[in-house]
Amino acid sequence: MAAVAPCAYYGCGCGQPGHIAAFQQSGMAYPTYAHQDPPVKLRLRRLLLELKPLEEKYWEAQQLVQQMAVHEVGLWVQAILEKPLPMQWMHNLSIHILGELLQRHPAIVTSEFGKVKKNVSWLFPEDGDVDRAAAFFRNLLWTKETMGQNTKSEASTFSKLLMKRTKQNDLCKVPACTGRAWLVHIWKDVPSTRP
């Protein structure tokens, strides 16, 4: 019997006879029936941990967001922000997913982002890509402002995090860095974030 590659989208959908059973017996399938979606956290772990080229992971994330049911969006935001990720590329992929979700479901993402404790510190880990995280953060705050939501708390948290990372007690004394440049950019684009 020729080896059949697993389908690209969470389970078997290729229509080949016996493929579903072979896929489940291989140990690669989730402990659910083939017609059910696996739980959100398992799908996220699969996306992050599966051995695939990074470009393919980004493509799969794009497909996932496009096909995601509205009731799952909040669960995805919570699952992504749940805990720090060990590798920078995982963090970048997660921010990419959040950005795509923000474009498609702004009300849900802004609401769920605010519910998660330490959301800003998750976005900006010590060794993370500040530009990618800050671009998402700016878009999130701009979206919140256009929806009439409060942006002060997140902006204040980012300012405090920036002072903590640079070991300064005064925001005016924070040395020139990418984070400070983004903070000024956010203040310019989202006036409600200004102190």
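Modeller: Alanine 79 is found in helix α4, residues 70-81, where a helix is a DSSP run (H or I) of at least four residues, numbered from the N terminus. This is a predicted model, in which local features need pLDDT of at least 70, side-chain atom pairs count only at pLDDT 80 or more, and totals for chains, interfaces and linings use all residues. Residues are numbered from 1 along each chain as its sequence is written, and side-chain values use heavy atoms, with hydrogens and water left out.

Colleague: Is alanine 79 buried or exposed?

Modeller: Buried means under 20% relative accessible area, exposed over 50%, and partly exposed in between, for a 1.4 Å probe and protein chains only. Alanine 79 has a relative accessible area of 10%, so the residue is buried.

Colleague: Which residues does alanine 79 touch, not counting residues up to four places away in sequence?

Modeller: Contact means heavy atoms within 4.5 Å. The C-alpha atoms of alanine 79 and leucine 44 are separated by 7.7 Å, although these residues are 35 residues apart along the chain. With residues up to four places away in sequence not counted, alanine 79 touches Val40, Lys41 and Leu44.

Note on methods:
Helix = DSSP H or I, 4+ residues; strand = E, 2+ residues; numbered from the N terminus.
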